Amino acid sequence: MDQQAAREVSGAIPEGTARLTPWQLRAAFAARLSTMYGREVPAYTTLVDVSREVNEDVLRERGADAERLGAIGRVTAERHGAIRVGTPAELAQVGRVFGALGMRPVGFYDLREAAASAVPVVSTAFRPVDGDELARNPFRVFTSLLTPADPRFFDADLRARLERFLGERELFPAELLALADRAEAEQGLPGDHAERFLQLAVGAFELSPEPVDRAWYETLERVSAVAADIGGVRSTHINHLTPRVLDIDELYRRMTDRGVRMIDAIQGPPKWEGPDVLLRQTSFRALDEPRAMRQPDGSVVPGALRVRFGEVEARGIALSRRGRALYDELLARLDAEGAAGAAQGGGATQGGGADTAPATPATRADRARALWPDHFPRTEHALAERGLAHFTYHVVADRPRDGRTPPPDLPGLLREGWVRADPIVYEDFLPRSAAGIFQSNLDGSGTRKDGEAGAAYDSDWLSGAVGRDVLDPFALYEGQQEESLGRVAEELRLERVEVTSTV
């Protein structure tokens with residue numbers, strides 16, 4: 001590894017650097033966070049090493065096809081993290097820190113409705129949104145906010161105690177927030193201030209050695225292990241960190257062969273012969289970590305908590321609203337079939353995704369693989385023609401001249417070879433998959449009063465909480481696709497390109 005590559009991996013600022021831009025701060029932060037998390041959770045380093053091995057093998061086997069959804073340099077460096085906070089004020093501070101890194105809140109995810117276990121959070125993901133920024137460094141942080149106002153999880157007394165506890169803590173020092181605001185306003189920081197910002201930012205997400213109040217933690221844990229992880233301690237921390245892999249099934253096999261205990265399911269779409277879409281995820285199981293515990297009598301004794309894990313993801317093509325509706329419809333069908341089978345004594349496979357690990361007797365995975373080809377096209381070309389997924393479109397410069405004029409519709413342009421379609425990578429998350437990962441790493445299901453109405457949270461509410469507009473991921477993909485179609489129309493001298501066929 002050369003010196004520049006070593007600096008990029010470590011997140012070190014090159015000597016003599018006068019100023020770091022937001023994407024450079026983002027890349028350095030992601031690298032340092034990965035180093036820190038590997039030090040705290042050694043199995044994560046194994047996960048990164050195996051991911052790199054699998055990616056190198058896939059690249060050798062498939063050549064250029066392996067980079068269809070991202071150059072290998074991007075895929076190797078790619079990470080997403082996950083954090084959890086307790087109050088809108090804390091979420092707004094998170095937004096300031098990530099705003100310094102050129103990351104904006106995208107998507108609203110209600111995990112309360114997506115999990116069978118008690119997961120009382122709503123979430124968004126901070127990430128870059130421009131194509132060039134994503135290409136430079138696509139670091140994302142899935143950020144969950146506790147919902148103490150939801151009476152299905154917290155009665156009035158516990159809610160009051162929880163909100164009082166959360167209101168008394170400080171997650172991010174004032175110096176960090178001031179540097180973050182400066183970095184966002186000035187679109188970067190001078191080298192010495194950048195170094196200080198990175199030190200403080202990484203430090204804010206380290207696991208605190210402060211003793212945990214055992215009685216308070218266990219009170220919240222009876223409601224939800226996720227609630228205890230958020231509101232039972234006086235700090236936040238990286239809950240998991242996620243590399244990207246080109247063959248998640250092979251990674252699962254290799255991690256299992258190394259003796260790492262994986263969760264039972266690969267969340268998301270099934271493995272099949274057609275195009276990869278959306279997101280597939282899995283993880284190794286959360287590990288017992290030593291934590292000092294404060295007893296009711298004030299004494300501090302050794303203890304352990306099991307909340308952090310290592311996740312891995314395989315990203316596919318971004319589906320359109322129509323494609324996503326089809327995906328959700330197929331999941332609902334699988335759920336209905338699974339429920340019918342369970343009622344007849346057939347049981348059900350664990351996990352919220354369509355696929356499961358190769359070692360599991362996965363009737364759900366078998367049914368998903370059988371169902372998918374009847375509804376999803378087997379080629380990218382067909383996905384594009386049917387408007388089920390998002391692509392950027394480009395005029396084919398060397399198309400043979402045949403005397404034809406270009407048709408005005410996208411399916412015709414594709415069929416006659418006037419344009420090519422390059423897939424847009426899905427940069428976001430699936431609430432059901434996220435909840436499935438959380439659920440698979442919990443010791444118990446917690447408690448939820450399903451007979452009561454839940455507190456209302458939505459994207460607008462979350463925008464107000466974070467103090468920034470929570471962007472619609474579909475709108476981002478649609479905008480990227482429409483921009484490319486505008487260029488196609490201009491180059492082919494068409495008034496516009498009709499997305500649906502005129503035939």
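Visitor: Are Phe 98 and Phe 126 buried or exposed?

Guide: In this model, which is a predicted one, Phe 98 is buried, and Phe 126 is buried as well.

Visitor: What kind of aromatic pair do Phe 98 and Phe 126 form?

Guide: The structure holds 17 aromatic pairs, and the one formed by Phe 98 and Phe 126 is tilted, with 5.4 Å centre to centre and 50° between the planes. This pair links distant parts of the chain, since Phe 98 belongs to helix H5 (residues 88-99) and Phe 126 to strand E4 (residues 121-127), 28 residues apart.

Visitor: Which residues form one aromatic cluster with them?

Guide: Phe 98 and Phe 126 form one aromatic cluster together with Phe 29, Phe 139, Phe 172 and Phe 205.

Visitor: And what about Tyr 327 and Trp 372, how are their planes set?

Guide: Tyr 327 and Trp 372 form an edge-to-face pair, with 80° between the planes and 6.0 Å centre to centre. Here too the pair links distant parts of the chain: Tyr 327 is in helix H13 (residues 321-343), while Trp 372 is in the loop between helix H14 (363-371) and helix H15 (380-385), 45 residues apart.

Visitor: Why does Tyr 327 count as buried?

Guide: Tyr 327 counts as buried because its relative accessible area is 3%, and buried means under 20%. Trp 372 has a relative accessible area of 0%, so Trp 372 is buried too.

Visitor: Which charged end sits over the ring of Trp 418?

Guide: That is the charged end of Arg 399, which sits 3.9 Å from the centre of the Trp 418 ring. Elsewhere, Arg 315 lies over the face of Phe 429, at 5.2 Å from the ring centre.

Visitor: Changing topic to helix H12, which of its residues are buried?

Guide: In helix H12 (residues 248-257) the buried residues are Ile 248, Asp 249, Leu 251, Tyr 252 and Met 255. Looking down the axis of H12, these buried residues fall within an arc of 160°, so they line one face of the helix.

Visitor: What covers the buried residues of H12?

Guide: The cover includes helix H3 (42-62), strand E9 (279-284) and strand E12 (309-315).

Visitor: What caps the N-terminal end of H12?

Guide: Asp 247 does, with a side-chain oxygen that lies 3.3 Å from the backbone nitrogen of Asp 249. Just after H12, Gly 259 takes a positive phi of about 85°.

Visitor: How many residues of strand E5 are buried?

Guide: Seven of the seven residues of strand E5 (residues 140-146) are buried, so E5 is largely enclosed by the rest of the structure. Arg 140, Phe 142, Ser 144 and Leu 146 point one way from E5, whereas Val 141, Thr 143 and Leu 145 point the other way.

Visitor: In which sense do E2 and E5 pair?

Guide: Strand E2 (residues 79-85) pairs with E5 in the parallel sense over six bridges, and the bridge partner of Val 85 in E5 is Leu 145. E4 and E5, by contrast, run antiparallel and are joined by six bridges, with Thr 124 standing opposite Thr 143 in E5.

Visitor: What is the order of the open sheet of three strands?

Guide: The order is E7-E10-E11, with mixed pairing. Strand E7 (212-213) and strand E11 (300-305) stand at the edges, each with a single partner strand, so one side of each is left without a neighbour in the sheet. Strand E10 (residues 289-294) and E11 run antiparallel and are joined by six bridges, and Glu 289 has Leu 305 as its bridge partner in E11.

Visitor: Last one, where is Leu 278?

Guide: Leu 278 lies in the loop between H12 and E9, and has a positive phi of about 55° although it is not a glycine. Leu 278 is buried, with a relative accessible area of 1%.

Technical notes
Residues are numbered from 1 along each chain as its sequence is written. This is a predicted model: local features need pLDDT of at least 70, side-chain atom pairs count only at pLDDT 80 or more; totals for chains, interfaces and linings use all residues. Side-chain values use heavy atoms; hydrogens and water are left out. Rings of Phe, Tyr and Trp (its six-membered ring) pair if their centres lie within 6.5 Å; planes under 30 degrees apart count as stacked, over 60 as edge-to-face and the rest as tilted. Helices (H or I, at least four residues) and strands (E, at least two) are DSSP runs, numbered from the N terminus. Buried means under 20% relative accessible area, exposed over 50%, partly exposed in between (1.4 Å probe, protein chains only). A charge sits over a ring if NZ of Lys or CZ of Arg is within 6 Å of the ring centre and within 35 degrees of the ring normal. The arc is that of the directions from the helix axis to the C-beta atoms. Contact means heavy atoms within 4.5 Å. A polar contact is a pair of N or O atoms within 3.5 Å; within protein, one must be able to donate a hydrogen and the other to accept it, and residues adjacent in sequence count only if both atoms are side-chain atoms. Two strands pair if DSSP finds at least two bridges between them.
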